[in-house]
Amino acid sequence: TYTIAIADEDGSVGSTSVAVSVYQSFSPPTISASTSTSSVGTEEDFLVSILAIKGTATLSSFEVKENGQTIQDLARLEISGISISSNPQPLPSQSSDEFSAVVRITAPSVAGEYKYAFTIKDENGLSREISLTIPVQ
């Protein structure tokens, strides 16, 4: 709170107080995804290019979901340049500002329309998600 006092030439003083609130604003990371795959056969691989850029905070993890569920079978996933140990996958320090990768996904054994969601998260807990729908035949 700041108090401002003003005096005139007659010696009269007037004052007022002003409260100032400061809010820290965080911006989330951005993510884009692209693929040349229009459809894929069951248990066949397809590729998705990912580009994520940090917002206010450094990038911390990357996750791949299939029809809303985190893919747990890590043999179905490969991320260029990263040895996958979990999904979501913590990102290495060299990917803290920008994460660029090609993700190989093995399609499921059952035909149908599958929605693949890719989520990037930062150290402030903010995240962004982008999704693609891939028909599996």
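Two strands count as paired if DSSP finds at least two bridges between them, where strands (E, at least two residues) are DSSP runs numbered from the N terminus. The model treated here is predicted, so that local features need pLDDT of at least 70 and side-chain atom pairs count only at pLDDT 80 or more, whereas totals for chains, interfaces and linings use all residues. Residues are numbered from 1 along each chain as its sequence is written, and side-chain values use heavy atoms, with hydrogens and water left out.

**Exercise 1. Work out the strand order of the open sheet of four strands, and find which strands stand at its edges.**

Step 1. The order is E3-E4-E9-E7, and the pairing is antiparallel.

Step 2. Strand E3 (30–34) and strand E7 (77–79) each have a single partner strand, so one side of each is left without a neighbour in the sheet.

Step 3. Neighbouring strands of this sheet are turned by 20° against each other on average, direction ignored; the axes behind such angles are lines fitted to C-alpha atoms.

Step 4. E3 and E4 run antiparallel and are joined by five bridges, and Ser32 stands opposite Leu51 in E4.

**Exercise 2. Describe the aromatic pair of Phe46 and Tyr116, and then that of Phe62 and Phe118.**

Step 1. A pair of aromatic rings is described by the distance of the centres and the angle of the planes. Rings of Phe, Tyr and Trp (its six-membered ring) pair if their centres lie within 6.5 Å, and planes under 30 degrees apart count as stacked, over 60 as edge-to-face and the rest as tilted.

Step 2. Searching the whole structure gives four aromatic pairs. In one of them, Phe46 and Tyr116 are edge-to-face, at 5.2 Å centre to centre with 65° between the planes. This pair links distant parts of the chain, since Phe46 belongs to strand E4 (residues 45–53) and Tyr116 to strand E10 (residues 112–122), 70 residues apart.

Step 3. For accessibility, buried means under 20% relative accessible area, exposed over 50% and partly exposed in between (1.4 Å probe, protein chains only). Phe46 is buried at 3%, and Tyr116 is buried at 0%.

Step 4. Phe62 and Phe118 are stacked, at 6.4 Å centre to centre with 10° between the planes. Here Phe62 in strand E5 (residues 59–66) is linked to Phe118 in strand E10, 56 residues apart, and both Phe62 and Phe118 are buried.

Step 5. Ring pairs also link Phe46, Tyr114 and Tyr116 into a cluster.

**Exercise 3. Examine the backbone at Glu43, Asn67 and Pro88.**

Step 1. Most residues other than glycine have a negative phi, and most peptide bonds are trans.

Step 2. Glu43 has a positive phi of about 60°; Glu43 sits in the loop between E3 and E4 and is exposed at 55%.

Step 3. Asn67 has a positive phi of about 50°; Asn67 sits in the loop between E5 and strand E6 (69–70) and is partly exposed at 41%.

Step 4. The peptide bond joining Asn87 and Pro88 is cis, with omega about 15°, and Pro88 is in the loop between E7 and strand E8 (89–90).

Methods: Axes fitted to C-alpha atoms, helices over the stretch in contact; angles between N-to-C directions.
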